[in-house]
Amino acid sequence: MTTHPPKTEQNDDAELSEFGYKPELKRTLGNFHTFAAGISYISILTGTFQLFYFGYGSGGPAYWWSWPMVFIGQFMVALCFAELAARYPVAGSVYNWSKKVGNPHIGWLAGWMMLLASIVSISAVALAYQLTLPQISSTFQFVGDGTGKYDVATNAVLLAAVLILFTTLVNAFGVKLMATINTAGVFIELIATVVLIILFAVHITRGPQVVMDTQGTGHGQSFGYLGAFLVASLASAYVMYGFDTASSLGEECLDPSRNAPRAIIRAIVASFVLGGLVLLLALMSVSSLKGDKLSTDGLQYIVLDVLGPTAGKAMLWCVLIAVTVCALAVHTAAIRLAFAMARDNNLPASSKLAKVNQRFQTPVLPTVIIGVLALAILVVNIRQPQIFTVVTSIGIIMIYLAYLLVTGPMLVARLRGKWQPAGDGKFSLGRWGLLVNIVAVVWGAAMTINLIWPRSAVYNAAAPYHWYLRWGAVLFVGIVAGGGYAYYWFVQRHRTGVLAEHQFQASATESVATPATPVTPVTD
């Protein structure tokens, strides 16, 4: 039997020296903390409850098949990420991974797109409060009575702002407080999900063949039901991502090279199993598949319909907790990404953004700035909720593109024989690595095209009907990617290099003021 030496914090920090970083963040997180970070970002009760109405309205009950389809594709991505997490368990995982398997230019673009997408995601997740709180009690509809033209949109912004202020304060007070709240919230979410599955199961009114019912949604589509299904599949694609967060906390967890890969895989598998059962049993237990409520109020309606007002509202409170910890996890991941990029002098005012508060052991300035930017994005939703839908979709597309900027260069490195997984019995795909990586890249490219395709059903489904809304994803992703990269190429890349105050010191005699060294990609 092979025995491994006991892990110490010094062992845990060994991977940082390969990037030229010194350890600064405090290691306090264990196995469940990192798992909780990954699964709370995916958040079964947030995503499924927020997007069921869209999937059902676009593809009928048969949209359920998009859940296993998206899982298979994203699981291939997660396996690649797990192998990377075993080798490089560092903050800002997507940014640092693409930098290592590709080059600093690819890394910056991946980090830039992931950072902006994460800020947009905070706003999008926070708006889910509006889908739940007013259904618990009309008291939470503070703006009008909900029937006015802008009542719902404005009230959504008000509720979301409260949540973003909360996530900003919690993250500013350090990772330990965040992890405590997040872990408790995830525990409640998992218990509530299992209870919900059981309650749905005992109220079944129809068989599993319900998932073969298309409700006629393919009529009028260019490709029949396939066209409707591809639109509906976005409801699943919008949920099953963010599992990389488990590794983004790699500099704050114990034994990260073994802990993070397990957390990534467990988070996506648990989300698939539990989320798939919730969706299936909800369709099997709702009293009727007719009417508009399923495609307007979604799972919230089904919960109240199946469980009744008392038990149903109790479950909706659990959904509210899930939304809260999801927003908290997204905010946390965005902070680590901003810190990682700033540490490499890859953002404006990097020295300030990368400063770790000595008292709270967390980068406070990016916490506040990200919170303020997320609040600013919310303002768009007050009078133009249709534009906000486009902005949210753009955020998801940029995350899928950022993932591609990891799996793509990783595949190139494999084909060139330059990718070396971690040794010492840590997670590795072995001889399956090439096949898994190819599927991950093909899947990521295909779903990105599906996400960005300028269909009116996704980007211009309601008034006002403007061409720039329908083409909004293509236009804005192009502007964000092209404009951001132009800024990097002409300005920021000339400054890139690990800031002196964050550099790893090989010996005690080396000066802290050593000039910044450029980040060199590991591709040979």
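Me: Which helix gives the most to the lining of the second largest cavity?

Reply: That's H19, with four residues. Keep in mind that this is a predicted model. The helices giving two or more residues to that lining are H5 (66–87), H19 (385–415) and H20 (433–452). Among the lining residues are Gln74, Tyr400, Tyr403 and Trp443, and the space inside comes to about 40 Å³.

Me: What makes Gln74 a lining residue of the second largest cavity?

Reply: A lining residue has an atom within 4 Å of a cavity point. Gln74 is listed in that lining, so it has such an atom.

Me: How do the residues of that lining divide into nonpolar, polar and charged?

Reply: Six are nonpolar, three are polar and none is charged.

Me: And what about the largest cavity, what is its volume?

Reply: About 80 Å³. H15 gives the most to its lining, with three residues. That lining has six nonpolar residues, five polar and one charged. Asp244 is in the lining, and Asp counts as charged, so Asp244 is the charged one.

Me: Why is Tyr468 called partly exposed?

Reply: Its relative accessible area is 37%. Buried means under 20% and exposed means over 50%, so Tyr468 falls in between.

Note on methods:
Residues numbered from 1 in each chain as written. Predicted model: local features only at pLDDT ≥ 70, side-chain atom pairs only at ≥ 80, totals over all residues. Heavy atoms only, no water. Buried < 20%, exposed > 50% of the residue type's maximum accessible area, 1.4 Å probe, protein only. 1 Å grid on protein atoms, 1.4 Å probe; cavity = no way out; pocket = protein on both sides within 12 Å on 5 of 7 lines; lining within 4 Å. Points joined across faces, edges and corners; volume = space filled by probe spheres on them.
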